[in-house]
Amino acid sequence: MNIAFIRERIKRAGFFIPFRFHLLLFLAALLIGANWLRKNNALPETAHTAIINLFIRVTFWFGLVILIISFLSAFIPWLLFLLNKTNNKSELKIKTAEKETIVNDQQQVQVAVAPIIKPPFGYIRLRLYYDAKNISPKFSPIKNKPTEHFFSMQVKGIYNWPLKNIKEYDITGGIIYFEDFFQFFSFALQLPSAGNFYTQPQKKSTGQFIVQPKKTEDTNERIEEIRKVEGEFLNYKNFESNDDVRRIVWKIYAKNKELVVRIPETNDPYASHIYFYASFYNSISSDIYEEFNEIFLNHYKTITWNVFEQLSRQNVLLQYIPDQGTKTFYADDPLQKVKYIISTSYWQKQNSFLNYFNKQYASLLCISSFTDARQLEEILGKAGKGLVVVFVPLSHSFKNAKVTDWLQWIFIKPESDEKLKITYNFSPLRKKIMENENRIKQLLKKSDCEIVIVDS
């Protein structure tokens, strides 16, 4: 066992201490006050002495009653909850808040515990175990609506969780605390849970985009620019009497004895959907740069989501095409489903850029500094003018280190984010990213596509 492991075990054991620091302060104040009064009560068998002794006894019994009431007000609800847990009736539910908003860069998580009795005028607080080995700070759920009954058998509310990474977190359980009004006692109980929630990108300005649909899923919406489309059913159809004999495919007739003709390319004035492609293909970084990769991923997800959300406000039909499989997310709002897919995506090396992208349907393509420049060059050569390319330079995830940052590095222990920023400037990964960004920018300048570089 190393020292860090022992320290962590002691810290977690401290979560279950049944009293709080307030109790020690209260008892210390009573003892100090009583001793001070006795020392200053130097005249025995006088009225003054009798009054002081009476005051000490009244104070003692008053303090004892307060402690007993505080103890019972927290212990009895804790005991009832323990009985419910023993009978497998207690339940802890965690999920992403229904109306997702970010408060002070924090993610809102919905927490519900039932059945449970809140200590009279006291508090219910929680800690949550997440991602197997991590635990949250102690918190009180914030009620998002008034309690229907005074004697409610559940605790339900919102927790503004200060988590940095945009991803899905698995909850393995929690610690429920029953605390009295004076916060002298804190009785804790562990409760397993199998919930999960996901953090979401923040709002950020990405500018305005004008994107034309390419994919025809219905013929209700006309587009300004007529586009060329290929025929359906593999560009063939059965021969009819009014078809040109010269378009018969004799190879198919020789093989299957079926007369089919090629469908020529036509000009279609209809296009109903904008197909949105966002590549999470990583051709540069490796797992040894995990901390950097997480920061880059958060930045890329934020820009990707805000571009998608900005297009969705333009009353166009959007279809997000992921480059990786995600868990099924049931949501009435299609926008929330896309937000979940983007929020839970990750850098991947399996689905290459060329296999993922479909130039025939794509109207908008999001790429990052991890994109393979050679594959991008091949795609841009065939894409034409109908494609909008949004480039997200990952180097902008870190701002340049200032003189004050270096002084802080030398004389003061820096924050983790500042430490990563300074470390990144010395990392070999920075050079690779900057070189690839320059190659991508040169390719974008030469292409006929509409280019948008999001610097923020």
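This is a predicted model: local features need pLDDT of at least 70, side-chain atom pairs count only at pLDDT 80 or more; totals for chains, interfaces and linings use all residues.

Residues are numbered from 1 along each chain as its sequence is written, and side-chain values use heavy atoms, with hydrogens and water left out. Searching the whole structure turns up seven salt bridges (a side-chain nitrogen of Lys or Arg within 4 Å of a carboxyl oxygen of Asp or Glu).

- Arg125 and Glu179 form a salt bridge, with their closest N and O atoms 2.3 Å apart.
- This pair ties together distant parts of the chain, 54 residues apart: Arg125 sits in strand β4 (residues 123–130) and Glu179 in strand β7 (residues 168–179) (strands are DSSP runs of E, at least two residues, numbered from the N terminus).
- Arg125 is buried at 16% relative accessible area, and Glu179 is buried at 0% (buried means under 20%, exposed over 50%, partly exposed in between, with a 1.4 Å probe and protein chains only).
- A network of salt bridges links Arg20, Arg125, Lys138 and Glu179.

**Other pairs**
- Glu91 and Lys93 meet through their side chains in a salt bridge, 3.9 Å from N to O.
- Glu91 is partly exposed at 42% relative accessible area, and Lys93 is partly exposed at 48%.
- Asp372 pairs with Arg374 in a salt bridge, the closest N and O atoms being 3.9 Å apart.
- Asp372 is buried at 14%, whereas Arg374 is exposed at 68%.

Methods: Helices (H or I, at least four residues) and strands (E, at least two) are DSSP runs, numbered from the N terminus.
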